[in-house]
Amino acid sequence: MLKTLNKVLSPVFITRVALLLSLLISLISAGVVSAKPALIPAPPQVSASSYILIDANSGETIVEHESYVQLPPASLTKMMTAYIVENEVAQGNVNLYDEVPVSIKAWKTGGSKMFIKEGTKVVLEELLKGVIIQSGNDASIALAEFVAGSEEAFADVMNQQAHLLGMTNSSFMNATGLPAEGHYSSASDLAKLALAIINDFPDQYPLYSEKYFTYNNIRQPNRNRLLWRDKSVDGLKTGHTEEAGYCLVSSAERN
């Protein structure tokens, strides 16, 4: 058999085959030895003074920039307001169907509104929607006063809760996020808060993806426009004041 092959295959052809095999083995060996991990694409250019992107399952930071800097959070503050109310509901201290009185202070507060009326009572669940979907300052203060007796006392609760969540770069002075001296947070802290909202109260979390809420015959859209632009987005909150600029905490579930 070998003699037959030697007759059929010329020495030149055998040599070429041998050289080819040798070259292939060299290339494979070189590939194995010098293999490098896949290149990680550079993060997009973001026109933000501070940001962070994390994996909600592992808590791993994917990319960040100045995420520990203390900045005014505007209405992102209401994430903490809602979290505390949800926690009070979970502990049985308040009920979603409790009727919450509306004070003059809540009614008169400017900025974004749910349009509740002073002297009336509003179901707690509706106020929670007014905070999360409509970003109502009036709803935030009504809830703060109902839970803690006053907005000032509620701010103390907010700071206690921030400490429990490891939010070391946050200080809350009110329930709305309206500008106030000493009122600040950071991107990394708000990411921790977002994780707590998602993981601790999953039954309430769908509220953050609702696109509209109507109260007092006034229909308002969720200010998080990503809910319309990307089907994977399911929360959370936007904010804006002249001092803070435009702020966003958003979540999305993919694969």
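Biologist: Which residues does Tyr 212 touch, not counting residues up to four places away in sequence?

Modeller: Please bear in mind that this is a predicted model. In it, Tyr 212 touches Ile 133, Arg 219, Gln 220, Pro 221 and Trp 228. Tyr 212 itself is found in strand 5. The C-alpha atoms of Tyr 212 and Ile 133 are separated by 6.9 Å, although the two residues are 79 residues apart along the chain.

Biologist: What makes Tyr 212 partly exposed?

Modeller: Its relative accessible area is 37%. Buried requires a value under 20% and exposed a value over 50%. The value for Tyr 212 lies in between, so Tyr 212 is called partly exposed.

Biologist: Why is Ser 232 called buried?

Modeller: Ser 232 has a relative accessible area of 16%. The limit is under 20%, so Ser 232 qualifies as buried. Ser 232 is found in the loop between helix 9 (226–229) and strand 7. Leaving aside neighbours within four places in sequence, Ser 232 is in contact with Ser 251, Ala 252, Glu 253 and Arg 254.

Biologist: How do you know that the side chain of Ser 232 makes a polar contact with the side chain of Asp 230?

Modeller: The distance for this pair of side chains is 2.7 Å. A polar contact needs N or O atoms within 3.5 Å, so the pair meets the distance cut-off.

Biologist: How do you know that strand 7 and strand 8 pair?

Modeller: Strand 7 (residues 233–241) and strand 8 (residues 245–252) are joined in the antiparallel sense over 8 bridges. Pairing requires at least two bridges, so the two strands pair. Lys 237 stands opposite Val 249 in strand 8, and the two strands form a hairpin with 3 residues between them. Strand 7 is also mostly covered, with 7 of its 9 residues buried.

Biologist: What makes the span of helix 7 close to the expected one?

Modeller: Helix 7 (residues 151–164) has 14 residues and reaches 20 Å from its first C-alpha to its last. The expected span, at 1.5 Å a residue, is 20 Å, and the value is close to it. Helix 7 is followed by Gly 166, whose phi is positive, near 75°.

Biologist: How do you know that the buried residues of helix 7 line one face?

Modeller: These residues are Glu 151, Phe 154, Ala 155, Met 158, Gln 161 and Ala 162. Seen down the axis of helix 7, they fall within an arc of 120°, so they line one face of the helix. The face turned away from them carries the exposed residues Glu 152, Gln 160, His 163 and Leu 164. Among the elements covering the buried residues are helix 3 (78–90), helix 4 (104–108) and helix 6 (137–148).

Biologist: Which residues have the most contacts inside the largest nonpolar core?

Modeller: They are Met 80 and Leu 127, in a core of 47 residues. Helix 3 provides the largest share of this core, 6 residues. Leu 127 is one of the buried residues of helix 5 (residues 124–132). The buried residues of helix 5 pack against elements including helix 3, helix 6 and strand 7.

Notes:
Residues numbered from 1 in each chain as written. Predicted model: local features only at pLDDT ≥ 70, side-chain atom pairs only at ≥ 80, totals over all residues. Heavy atoms only, no water. Buried < 20%, exposed > 50% of the residue type's maximum accessible area, 1.4 Å probe, protein only. Helix = DSSP H or I, 4+ residues; strand = E, 2+ residues; numbered from the N terminus. Expected span 1.5 Å × (residues − 1). Arc of directions from axis to C-beta. Contact = heavy atoms within 4.5 Å. Polar contact = N/O pair within 3.5 Å; in protein donor to acceptor, adjacent residues only side chain to side chain. Core = buried A, V, L, I, M, F, W, Y, C linked by side-chain atoms within 4.5 Å.
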